[in-house]
Amino acid sequence: MNLHVSSRDIGERTLDIVSEMKSLEGPLLPILHEIQAEFGYVPQEALPIIARELNLSRAEVHGVVSFYHDYRDHPAGRHVLKLCRAEACQSMGGDALAERVKSLLGIDFHQTTLDGAVTLEPVYCLGLCSTAPAAMLDGEVHGRLDADAVRDLVAEVRA
Amino acid sequence: MPLVSEIDFGTPASRSEKMVTLTIDGNEITVPEGTSIMRASMEAGIKVPKLCATDMVDAFGSCRLCLVEIEGRNGTPASCTTPVAPGITVHTQTSRLKDIRKGVMELYISDHPLDCLTCAANGDCELQDMAGAVGLRDVRYGYEGDNHVKARNNGDINAKWMPMDESNPYFTYDPSKCIVCSRCVRACEEVQGTFALTIEGRGFGSRVSPGMHENFLESECVSCGACVQACPTATLTEKSVIAIGQPEHSVVTTCAYCGVGCSFKAEMRGEELVRMVPWKDGQANRGHSCVKGRFAYGYSTHKERILNPMIREKITDPWREVSWEEALAHTAGEFRRIQYQYGRESVGGITSSRCTNEETYLVQKLIRAGFGNNNVDTCARVCHSPTGYGLGATFGTSAGTQNFDSVEHTDVVIIIGANPTDGHPVFASRLKKRLRQGAKLIVVDPRRTDIVSSPHIKASHHLPLRPGTNVAVVTSLAHVIVTEGLYDEKFIRERCDWSEFEDWAAFVSEEHHSPEAVEKLSGVPAEEIRGAARLFATGGNGSIYYGLGVTEHSQGSTTVIAIANLAMVTGNIGRPGVGVNPLRGQNNVQGACDMGSFPHELPGYRHVSDDATRETFEKLWGVTISNEPGLRIPNMLDAAVDGSFKGIYIQGEDILQSDPDTKHVQAGLAAMECVVVQDLFLNETANYAHVFLPGSTFLEKDGTFTNAERRINRVRKVMTPRNGYADWEVTQKLAQAMGLDWNYSHPSEIMDEIAATTPSFAMVSYGYLEKMGSVQWPCNEKAPLGSPIMHIDGFVRGKGKFIRTEYVATDEKTGPRFPLLLTTGRILSQYNVGAQTRRTDNVVWHEEDRLEIHPNDAEMRGVRDGDWVKLQSRSGDTTLRALITERVAPGVVYTTFHHPTTQANVITTDFSDWATNCPEYKVTAVQISPSNGPSQWQIDYDEQARHSRRITGKMEAAE
């Protein structure tokens, strides 16, 4: 993941991605996913290019991007830790676990540690209610978390 | 005179012919199938509470206020999204519904400011109305906690609050008052078709966002005002309403900008105009508007407007303000002196396409009856005179064949040499709506205009031809249709002369009209021409819309004929959704032509050599009318330079800026002894005038305008003329000063005279217009309701006439010295010479004319974006700043002509249409080179203009 892409590169790469994918049916969401995979976030400069190529307005693309929390407007840390905050996990001690993770990392939700190692995010149900409380680290799910397990997770991302 | 209140039915009308009967609150009502329960209720006089619904956009079902109960159905469906069904029984008010509505309103109001008394929408707020309608008395949630209303929450910054966006000069966006009903977003999409707005975020965080969280001015917004009209609260509000307050009465009138002729309600407080709001019943615009008509009326009270008559001996003298009596007596004396000294033919006049039919009629009458010659012309000379010639020769009438509603039925549209999103924005919005429904589009234009590709619009074929090759390309389209056997033989045999068709078909089938041959000279790939021709011939209802990119060429008339041929050969004439439609530039250019403004035609397009027609007018006017055509504008100027033409009366036209070859116009005007300019401002032509008669705006007079679809619309006076007289009164007073016995007391009497003398207007009167709203001519005993579509059962001239259209290249050719082709056009926010729009806040969108140039051409000449460049042709040179863009093809440059400091017409040449002398604005061979700033000519011109505008006793007007 390249965190220091110039806006010129963003333009060219975006155009490549859009050209490749615009023939899909309903191409906007897949394109945005691909752009986020490419840059680690959806750069604002990419939106007018996507709009032009798909014959949409800038406003429409912005409306879609801002609707989905998963599309970032700036790069995340090297790791992304998502803690489930939905009802089942809360009932199984999710609140206390969240506070513990926050204090271990020294950050709040939606923040990234100063060393750029990890971004902490809430998520509303991972579908793992039967193994609550649950979390997802870099796309991999973890269930039945307790204080020790989160300490291990944090240690892993801090390494 | 109260406010014209329009009923909001909540959802658009259904077009179904099948009727459905249902019962709503005990009333039996029958409506077309597909009608919403909300609309059906309103038709029965029952107002279901609503916030997110309005009949300019489709139902959305988000506010949950319009719920109803239907017997035998579960739940409480939204009446806006639920269609009627036969036999159902609907209740709009039950205790269950009352509770739900109150609960919903409570939530809305818990996140809305409570500053109703000082709010700009006070008196015109649907949220306020609904709170009243549902009986809201209390908000149990309080106003603390999360909100969008307060800048600070308990001392902390409220991240959800956003400040007011005042970037647009005409309206404000106050997010704190927004209820997120999406009406603005949907109006921008469905009505205007720009898609500049969206809802950003989700849930409680949802907000209306122009562009990508930009301000309105920087976003894609074109300021058409549809969102402001749609907003139920004060979130989007006209700045004029904020400044003045709510209007107390309104008058329906017609916009004085382009040829679409939109109907507006002028909403007034006393004699002060509060705002212009498009009128839903306006049959040209159907409730829509653009930035010019909706907002750009500030020129009428601009400080540079001249309100007193002025005269001067020499054009180097300063102006001297005089009384109306003195100015008119002086003018009459001068014209009489000149005619005595130089002969009857030494004076003439120009009618205005900006003035009313009645005013235009009077000016030509003054010239024919008072001056005693036919030296009358009008600005249509420089725009659509080829339309008159071409359509007259082929169909038998000099006007478009359709109404604007016709576009709703079209399947394939060809746009040639027109830029409707800038020049005719309201028509463009209606067209785009049809294109989004699936109609196909073919664009023939050297530039990649916005209609070629914009959100949700994509032309199937764009034929980017070299300027000047219209005839070749359109004839080549016919070649494909004829040689591939795609023509409509039945239509041609029934409606046209078959042997003329055969002759023409043989002509277009010749090899040199094939797309492959034409590609070489037009630069349009042969496959594109073939594809476009096949699509047009086989795609269903085919319509052609064209503009000045067709007419303003040395072969303008030929192209119009070629277009008419194309419509006939494909059978696309005489029903909705088809036809040939000139998009006329000015509000009343159609009317000015109808009213006999041409030197060879009396009102109703009847030639001056026709004895019967002359006799009609001679009897009525008590004069003898010359049977010889008079001088056209270019001939008047030529004659002036030769010394035989000495005096001219110009009403509402700036020929110095708008006509080609500025230096020649200057020389002609300078050689005259009495130039009379009647205008709102000291325009460029007035720099050469000896008499200035202040004009009145469309807000200050009664009359009629005739738009591009031949629709005669009423113009109604909403305020007293600031200059003292409406323009028709000034012309009448001038006529009286010249000894003519004219005694019209109201423009309706002039219309009665027009109707009495002109068969196509026979049934038109102010009384009839009052009753009908508007009518499209011909309106006579044969067509008492007017004629929305022409040539229904046969062509006006009898048989449609196919005429050969041989392509002859213009003499204006590129070469080593002038390798680029310049073409000119308009931009959305400015209008023509800009005399009006430059004097409004529209300048924020276009403060100067720029030269569009392709990156390749720019690089070759070392020109960067924003650089000053010198633009040079055989006629002259000027300088302006470059705008580097791929919208123009390599080898082509483009500019607008809205600003006198640029004077693009210094560059254009004196070549003109072979049939009508319409100037060839659209093709000039030029060279460009980097430059440091304005040319010497521009500096001299500016100095001369400044000098010429001095008024004795007044400070020099700041430009």
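Of the 959 residues of chain B, 57% are buried, a residue being counted as buried if 20 or more other C-beta atoms, placed from the backbone, lie within 10 Å of its own. The model is a predicted one, in which local features need pLDDT of at least 70 and side-chain atom pairs count only at pLDDT 80 or more, while totals for chains, interfaces and linings use all residues. Residues are numbered from 1 along each chain as its sequence is written, and chains are lettered from A in the order in which they are written.

Chain B contains 29 helices and 38 strands, taken as DSSP runs (H or I, at least four residues, for helices; E, at least two, for strands) numbered from the N terminus. Its radius of gyration is 29 Å, close to the 30 Å given by the globule rule for 959 residues, so chain B is as compact as a globular protein of that length; the radius is taken over C-alpha atoms, and the rule is 2.2 Å times the number of residues to the power 0.38. Along the principal axes, the C-alpha atoms of chain B fill a box of roughly 90 × 75 × 65 Å. Of the contacts in chain B with a separation of 6 or more, 72% are between residues 24 or more positions apart, two residues being in contact if their C-beta atoms, placed from the backbone, lie within 7 Å.

Between the chains, 12 residues of chain A are in contact with 19 residues of chain B. On the side of chain A that touches chain B, α4(A) gives the most, with seven residues. Helix α4 of chain A (residues 58-67) is mostly covered, with eight of its ten residues buried; among them are R58(A), E60(A) and H62(A). The buried residues of α4(A) pack against α2 (28-39) and α3 (46-54) of chain A, and also against β8 (197-200) and β9 (207-210) of chain B.

Within chain B, helices α13 (residues 470-483) and α19 (residues 556-569) pack at an angle of about 20°, with their axes 9 Å apart. Axes are lines fitted to C-alpha atoms over the stretch in contact, and angles run from 0 to 180 degrees between N-to-C directions. α13(B) and α19(B) are therefore roughly parallel to each other, the term covering angles under 35 degrees. The contact includes V471(B), V474(B) and A478(B) of α13(B), and T559(B), A562(B) and L566(B) of α19(B).

Note on methods:
A residue is buried if 20 or more other C-beta atoms lie within 10 Å of its own, exposed if 12 or fewer, and partly exposed in between; C-beta atoms are placed from the backbone. Angles under 35 degrees count as roughly parallel, over 145 as roughly antiparallel, 65 to 115 as roughly perpendicular and the rest as oblique.
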